[in-house]
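Hello,

I am handing over the structure below, and after it I set out what was found in it. Please have it open while you read.

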Amino acid sequence: MDAAISVKNLTKTFKDFTAVNDISFEVEKGKIFAFLGPNGAGKTTTIKMLTTLLDPSSGSIMLNGYDVLSQKDEARKSFGIVFQDPSLDDELTAYENMQFHAVLFGISDNKRIEELLHFVELWDRKDHLVKTFSGGMKRRLEIARGLLHKPVVLFLDEPTIGLDPQTRNLLWTHIQKLNKTEQVTVFLTTHYMEEAEKMADMIAVIDHGQIIAQGTSETLKKQTKTKTLEEAFLALTGKTIRDEEATGSDKMRQFRKVWRGR
Amino acid sequence: MNAIYILWLRELKRYFRSKARILGSLGQPLLFLFALGFGLGPVFQRAGQGNYFQFLAPGVIAMSILFTAIFAGIQVIWDKQFGFLKETLVAPVSRFNIMLGKTLGGATIATIQGIIVFLLSLVVGFRPELTLLPLMLLFMFLIAVFFTALGISIASQLSDMQGFQLIMNFLVQPVFFLSGALFPLGNLPKVFSYIVAIDPLSYGVDGIRGSLTGVTHFGLSVDIFVLGVLTVIVLSIGSYLFSKIQL
């Protein structure tokens with residue numbers, strides 16, 4: 001079991017729509033894996049299935065040697081996740097958010113909380129309510145929280161969306177650092193191709209629910225005879241703009257904008 | 001166990017930290033107590049039914065619990081997308097325990113809200129008998145658990161807030177207005193009395209009123225029995241639906 005994640009023939013169909021269509025891939029331990037694709041290609045659906053939030057229609061997923069479908073709790077202990085939408089409790093302090101996560105994962109040692117808050121440079125702000133934090137601070141806190149139970153895999157679903165270049169840069173430095181020091185396997189999605197190019201050891205491109213290319217950024221560029229990953233990505237997926245129909249999640253995001261003004 | 005406790009604690013912390021929410025949610029019950037209590041009092045008196053304020057206060061207490069509880073449950077819609085719930089769903093904790101923690105948290109808040117309204121009604125002039133106070137608390141808690149679990153059950157089936165208005169207008173408001181919180185249940189038209197009898201809140205209002213003023217319509221043991229059974233049923237359905245949540 002050298003693979004941190006091993007996916008075989010994974011498929012998810014909603015009523016009349018196949019979101020993920022028979023995909024297979026492996027992510028080696030300790031690597032940074034970028035999962036790229038246009039909007040609606042099936043990225044988020046795949047992450048939801050990998051993280052036990054959504055049951056697949058067929059196929060198998062092994063994570064850290066555990067079957068995600070039948071050994072849910074073992075699998076859950078093996079990964080941490082930073083969701084696309086903020087999932088912190090705004091009315092609690094940074095420290096409380098960490099503490100709650102620790103209790104849910106049965107961790108009694110509070111030293112790790114301190115260590116991680118230092119790592120993401122939020123220790124000074126630990127007793128401040130999360131609602132007073134900037135977008136970048138929230139992301140850092142979420143990353144620290146995702147690492148609390150020492151996961152083998154860290155999922156990052158568009159972690160840098162809506163952040164300024166400084167914060168994005170800092171965030172990636174953090175991620176690279178912990179990939180080295182904690183040997184965490186990182187599974188990330190992003191729309192910023194230069195980030196994927198810089199960060200990822202391996203890249204898979206998904207479109208229309210199928211994986212259309214896999215390899216390092218170099219092999220993808222060679223394969224498409226392009227100079228940058230962005231060009232390679234466009235060569236692979238075409239230049240047509242994908243218009244997704246708004247889902248419940250989008251409506252909720254709209255709602256949140258109106259009410260919270262973020 | 002720890003997971004249930006921490007989820008419960010989270011609801012309480014959030015409640016006590018938003019003073020605006022506590023104050024805001026006291027406005028409606030106070031308005032009902034004043035406007036209806038003093039406005040309809042003379043008519044009630046002339047109809048030979050006694051002091052309307054004494055009659056109304058338990059109904060308004062039940063109302064504040066109903067609204068707080070349903071709202072605490074419905075918040076799960078929000079929580080599924082932005083919040084702690086999503087984070088708890090990827091934790092190695094059973095869905096049943098998550099549901100239970102959230103329900104108990106919401107129900108505790110709703111009960112506290114009910115107690116605050118009870119104390120306020122004392123200030124405004126409500127004069128209950130206090131011998132059955134523990135029984136009143138039990139009824140308050142039962143209503144609170146029932147409606148929080150109901151709110152969570154509904155929320156687990158919805159994906160955005162569009163349905164919220166529908167639930168308020170076609171479920172929560174009717175449940176309140178048809179419960180006998182505002183009017184005595186004796187001598188009602190037949191069909192209407194059946195409707196009242198299938199409204200779960202009727203038994204809660206009757207129970208609270210019975211334990212505070214000694215006047216009941218169904219009888220305290222019937223109230224406890226019906227509410228108890230309904231609470232177990234909705235908790236079971238709720239935890240089943242909750243366990244089926246797919247994001």
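Let me begin with the pairing of one strand: four bridges join β3(A) to strand β9 (residues 202-207) of chain A, and the two run parallel, where strands (E, at least two residues) and helices (H or I, at least four) are DSSP runs numbered from the N terminus, and two strands pair if DSSP finds at least two bridges between them. In this pairing Phe33(A) stands opposite Met202(A). Three bridges also join β3(A) to strand β8 (residues 185-189) of chain A, again parallel, and there Phe33(A) stands opposite Phe187(A).

Please note that this is a predicted model, in which local features need pLDDT of at least 70 and side-chain atom pairs count only at pLDDT 80 or more, while totals for chains, interfaces and linings use all residues. Residues are numbered from 1 along each chain as its sequence is written, and chains are lettered from A and ligands numbered from 1 in the order in which they are written.

Five of the five residues of β3 (residues 32-36) of chain A are buried, so the strand is largely enclosed by the rest of the structure; buried means that 20 or more other C-beta atoms, placed from the backbone, lie within 10 Å of the residue's own. Ile32(A), Ala34(A) and Leu36(A) point one way from β3(A), whereas Phe33(A) and Phe35(A) point the other way.

Turning to the two chains, 26 residues of chain B are in contact with 28 residues of chain A, contact being C-beta atoms, placed from the backbone, within 7 Å. On the side of chain B that touches chain A, α1(B) gives the most, with seven residues.

Best wishes

Conventions
Buried ≥ 20, exposed ≤ 12 C-beta atoms within 10 Å, placed from the backbone.
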